[in-house]
Amino acid sequence: MKLLALCLACLPLGFSALAADSGQPANNWSPASAASYLDGRAAWWATWPNAAKDHGTFCISCHTVAPYALGRVALRNALGESDVPPAERVILDNLGKRARMWNDLEPFYNDAKSGPGTTARARGTEAILTALALVWNSRGPAGLTSDAKLALDNMWGEQVKSGDAKGSWEWIEFANTPWEGGSRFYGSTLAAIAAGSAPADPRYASNLDALRAWLIREYPSQKPIDQVTMLWASTRISGLLTPAQRDAIIKDTIAKQAEDGGFSLSAFIGDWKRKDNTPLETKSDGYATGLIAYALRESGSAAAKASVARAQEWLRHNQQSADGRWLAYSPNKQRDLSSDIGRFMSDAATAYAVMALEPAK
């Protein structure tokens, strides 16, 4: 656990005072407190035995590492950081290593242990998340890093080339929403965001056309939360949504906004049932509010401006002063939010919250 101690020692000043607070929601959000939470969770994940994989690497999780890689960079300007912080460097180095060793590494899950088709699904999932994370972290004047370029090559190499699923990717399925339960469409929207956040590559023009065609065909039958990620993807890739479809997503999403300005994931996952038969949490949560506010803001819709402002206000008033996170709740089981596993949804919530609160570029 030396890595965790190092990362906590490097956290911005002021966190200890925040952490000693009562635990009630803060009135205004603190980038330093959010960074300390995200960095601490990334450091924990990197050293958690359950996350360990071959060749000294670890899993890029849908709930912790992938959103961390997207959200942590949003805090750089607010914190005046001139370099990548230690916890983030560990994450990016791990992703780069797995991208470079793609043909030599074992998949996160395999057919032998988890059933037929699992190997392909694990490879597709990892390829997309790695490409998205590395591309997202190498945008800017210097262009894509060599690791990001390689990760994109790996991603396109895993794309389904024939059949009804042509243009999409195999995606891990463990009957857990929102990331691992009927989530092929969600994963493929993330691939679109990765591709659309990188310079156009003529080598993969036909691959992109196939992805676009599959997403367009499958979009009408998707859960509302996956249509939100389609809206986000449409800001990176042209031709995914017609103006009427875009306006319909925005209208339907705003209609689900709570009176307090937040959003609840439970309103966006259809008739999903928890495995333990406990009722879904219906109050506003950081995951839905952060992701939706970010996607609506990125859409540039004038009709969404007031909704985005209300969601951002909810986020400003609902960061937990005790540890810097935004709370979110598992739609799969009722979990102890103070446990490491119970924090998974809050890991993603905090990453998307800071993205939604970051000043628009």
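Colleague: What are the ground rules here?

Modeller: The model is predicted: local features need pLDDT of at least 70, side-chain atom pairs count only at pLDDT 80 or more, and totals for chains, interfaces and linings use all residues. Residues are numbered from 1 along each chain as its sequence is written, and side-chain values use heavy atoms, with hydrogens and water left out.

Colleague: How are two packed helices described?

Modeller: By the angle between their axes and the distance between the axes. Axes are lines fitted to C-alpha atoms over the stretch in contact, and angles run from 0 to 180 degrees between N-to-C directions. Take α10 (residues 184-196) and α12 (residues 224-234): the angle is about 15 degrees, and the axes are 9 Å apart. They are therefore roughly parallel (angles under 35 degrees).

Colleague: Which residues of α10 and α12 make the contact?

Modeller: Contact means heavy atoms within 4.5 Å. F185, Y186, T189, A192 and I193 of α10 meet D226, T229, M230, W232 and A233 of α12.

Colleague: At what angle do α3 and α16 pack?

Modeller: About 135 degrees, with axes 10 Å apart. Residues in contact include W44 and W45 in α3 and F344 in α16.

Colleague: Is D323 buried or exposed?

Modeller: Buried means under 20% relative accessible area, with a 1.4 Å probe and protein chains only. D323 has 15%, so D323 is buried. D323 lies in the loop between α15 and α16. The side chains of D323 and R343 form a polar contact of 3.0 Å (N or O atoms within 3.5 Å, one able to donate a hydrogen and the other to accept it).

Definitions and conventions: Helices (H or I, at least four residues) and strands (E, at least two) are DSSP runs, numbered from the N terminus. Angles under 35 degrees count as roughly parallel, over 145 as roughly antiparallel, 65 to 115 as roughly perpendicular and the rest as oblique. Buried means under 20% relative accessible area, exposed over 50%, partly exposed in between (1.4 Å probe, protein chains only).
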